[in-house]
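Here is a short walk through one protein model. Keep the sequence and the 3D view side by side as you read.

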Amino acid sequence: MTLQEEITRRRTFAIISHPDAGKTTLTEKLLLFGGAIHVAGAVKSNKIKKGATSDFMEIERQRGISVATSVMGFEYEGKKINILDTPGHEDFAEDTYRTLTAVDSVIIVIDGAKGVETQTRRLMNVCRMRSTPVMVYINKLDRPCRDPFDLLDEIEKELQIKVRPLAFPISSGTTFKGVYNLYRQNISLFTSLERQTADATTVQFDDINDPELDNLIEPKFANELRSNVELVNGVYDEFNRDEYLKGKLAPVFFGSAINNFGVRELLECFLEIAPSPGISTTTTREIRPEEEKLSGFVFKIHANMDPNHRDRIAFMKICSGVFERNKNYLHVPSGKMQKFSSPTAFMAEKKSVIDFAYPGDIVGLHDAGAYKIGDTFTEGEKLKFTGIPTFSPELFRYIENGDPLKFKQLAKGIDQLMDEGVAQLFISELNGRKIIGTVGALQFEVIEYRLEHEYGAKCRWEPISIYKACWIESDDELALKDFKLRKHTNMAKDKHGNDVFLADTSYALSLAQEKFPKITFHFTQEY
Ligand code: G4P
């Protein structure tokens with residue numbers, strides 16, 4: 001197969017949702033279709049259940065599982081599908097944000113009874129920033145759900161994206177009859193007996209006015225469907241793939257993942273319309289996937305479970321060319337040439353050594369602690385990919401050494417955990433103390449636990465009252481200097497030496513924004 005053919009047949013995407021909407025269940029059903037697994041229940045959820053915050057063993061166990069399920073590759077009808085898993089727990093949202101930089105499209109799962117939830121909104125913001133094409137799967141139709149039109153309106157309003165239903169449900173809950181596939185013009189009938197295995201019965205209906213429909217799903221529901229479909233076709237424009245590819249229009253499907261219902265419709269439409277790997281941007285130029293020379297970047301680093309080895313796996317997304325085992329590549333940040341004797345690929349829950357990988361694929365590289373998120377590999381060109389964001393953390397604590405004899409271990413541990421993107425480190429300009437900022441409270445416990453178990457260091461946390469950390473910038477050097485001087489007690493440097501303003505309260509932040517109009521305050525920063 002040519003490089004172009006390999007690229008065209010690839011679909012690299014992530015499934016995202018608010019916890020409990022059904023992301024794990026849908027992932028598993030897609031794998032069942034792909035034949036990557038054969039029984040339901042084979043994919044363990046990598047989510048850390050609520051309430052497990054103090055159960056470190058659980059965290060460790062889950063981390064182990066999430067290595068295995070970080071990327072799930074499988075073949076389906078000639079296509080190579082790479083599903084990138086994202087952690088369900090919202091405290092690990094930053095990990096999810098970074099994973100979203102490595103995908104070409106996204107499927108959002110929404111619980112039909114609950115509609116759009118906080119985490120869905122946040123994740124969609126990241127997709128919008130990157131204009132990632134998005135498809136929506138409204139799940140749990142076997143339970144009483146909200147009115148489909150209400151749900152569609154809510155998605156449009158809350159997620160700020162135009163929607164176009166490509167399937168429409170026939171009732172929900174106990175009277176759930178099935179889904180009309182507007183894309184293929186057929187009806188899938190629902191019988192909850194088909195839970196674990198194949199697909200629902202599909203009946204072709206080129207014209208839903210066919211009286212045969214009344215025999216299949218009772219006249220009441222048939223009429224309801226007819227008027228709903230008329231409404232859909234009246235209200236929504238024809239599906240436009242270009243708009244979808246630009247991230248401006250989301251096709252919407254309905255179903256019940258646990259019952260394997262509406263999943264095939266979603267998958268088949270996805271394979272047809274979802275993009276294959278596209279152009280990536282760097283600080284110097286655009287990279288086309290079909291370029292002969294390899295380029296790729298690290299979007300995730302995962303520590304090994306074995307406390308005796310501090311080895312890690314760096315996940316690299318291939319952006320162009322062909323990756324080959326044992327070939328020398330330039331690790332751009334260090335300027336060193338490196339080759340990999342056992343790069344791994346991920347097929348469902350298995351990991352295996354590979355000889356080649358293509359754009360869109362994710363390769364696991366053995367990392368002895370030298371790589372950071374955002375690092376680029378090339379065949380010599382000094383590229384740096386853009387758009388790998390780090391978000392302003394929301395929780396802050398001072399980190400102090402808990403064991404004077406382990407000072408070095410602590411410093412190294414903090415350094416490496418920050419490289420992994422577990423949290424962010426700031427050094428206060430006021431007192432030189434180290435401040436750790438995270439997106440979730442769980443991270444503090446993870447850091448403390450890992451420092452102790454992987455680095456033999458002890459840390460102590462001390463409270464600090466910060467509302468938000470934002471990166472500041474100005475074209476006017478004098479204005480910047482003045483700001484830093486006046487806000488000296490609230491200034492810090494991040495790991496890369498960038499200026500960061502630590503606002504005590506939201507009021508202090510808006511006051512600063514108002515009083516210093518020449519300063520730009522950023523709430524995200526690129527690696
Ligand atoms: P997540 O990864 O998005 O967090 O969600 P997950 O798939 O784990 O699903 C959350 C819960 O919702 C699970 O139940 C799952 O069985 C259920 N679920 C998923 N899809 C459907 C569906 O189509 N209909 C209904 N009725 N339920 C669905 P749980 O009780 O939390 O876990 P489990 O004990 O069943 O594993």
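Which strands each supply at least two residues of the lining of the largest pocket? They are strand S12 (280-281) and strand S15 (312-320). Strands here are DSSP runs of E with at least two residues, helices are runs of H or I with at least four, and both are numbered from the N terminus.

A word on the source comes next. This is a predicted model, in which local features need pLDDT of at least 70 and side-chain atom pairs count only at pLDDT 80 or more, while totals for chains, interfaces and linings use all residues. Residues are numbered from 1 along each chain as its sequence is written, and side-chain values use heavy atoms, with hydrogens and water left out.

Back to the pocket. The largest pocket has a volume of about 540 Å³. Its lining has 25 residues, and the closest to the centre are Val-103, Asp-104, Arg-130, Ile-279 and Ser-280. A pocket is an open set of points on a 1 Å grid over the protein atoms alone, where a 1.4 Å probe fits, with protein on both sides within 12 Å along at least five of seven lines; lining residues have an atom within 4 Å of a point. Grid points are joined across faces, edges and corners, and the volume is the space filled by probe spheres set on the points.

S15 gives the largest share of this lining, 3 residues. By type, the lining divides into 12 nonpolar, 10 polar and 3 charged residues. Nonpolar covers Ala, Val, Leu, Ile, Met, Phe, Trp, Tyr, Cys and Pro; charged covers Asp, Glu, Lys and Arg; the others, Gly among them, are polar. Domain 1 (5-9 + 11-74 + 101-273) and domain 2 (280-378) each provide at least three lining residues. Those bounds come from an automatic or database domain assignment.

Now move to strand S2 (residues 71-76), where Glu-75 sits. S2 is mostly covered, with 5 of its 6 residues buried. Glu-75 is partly exposed, because its relative accessibility is 38% (buried is under 20% relative accessible area, exposed over 50%, partly exposed in between, with a 1.4 Å probe and protein chains only). Gly-35 lies 40 residues from Glu-75 along the chain, yet their C-alpha atoms are 8.1 Å apart.

S2 runs antiparallel to strand S3 (residues 79-84), and 6 bridges join them. Two strands pair if DSSP finds at least two bridges between them. Gly-73 has Asn-82 in S3 as its bridge partner. S2 and S3 form a hairpin with 2 residues between them, and Glu-77 in the turn has a positive phi of about 45°.

Two loop residues also have positive phi. Lys-140, which is not a glycine, has phi near 70°. Lys-140 lies between strand S5 (134-139) and helix H6 (148-158). Lys-140 counts as buried because its relative accessibility is 18%. Ser-171 has a positive phi of about 60° and lies in the loop between strand S7 (167-170) and strand S8 (178-181).

Last, find the open sheet of 8 strands. Its order is S28-S25-S27-S26-S30-S31-S29-S32, with antiparallel pairing. Strand S28 (459-463) and strand S32 (520-522) are the edges, each pairing on one side only. Inside the sheet, 4 bridges join strand S26 (residues 424-428) to strand S27 (residues 434-438). Ile-427 stands opposite Lys-434 in S27.
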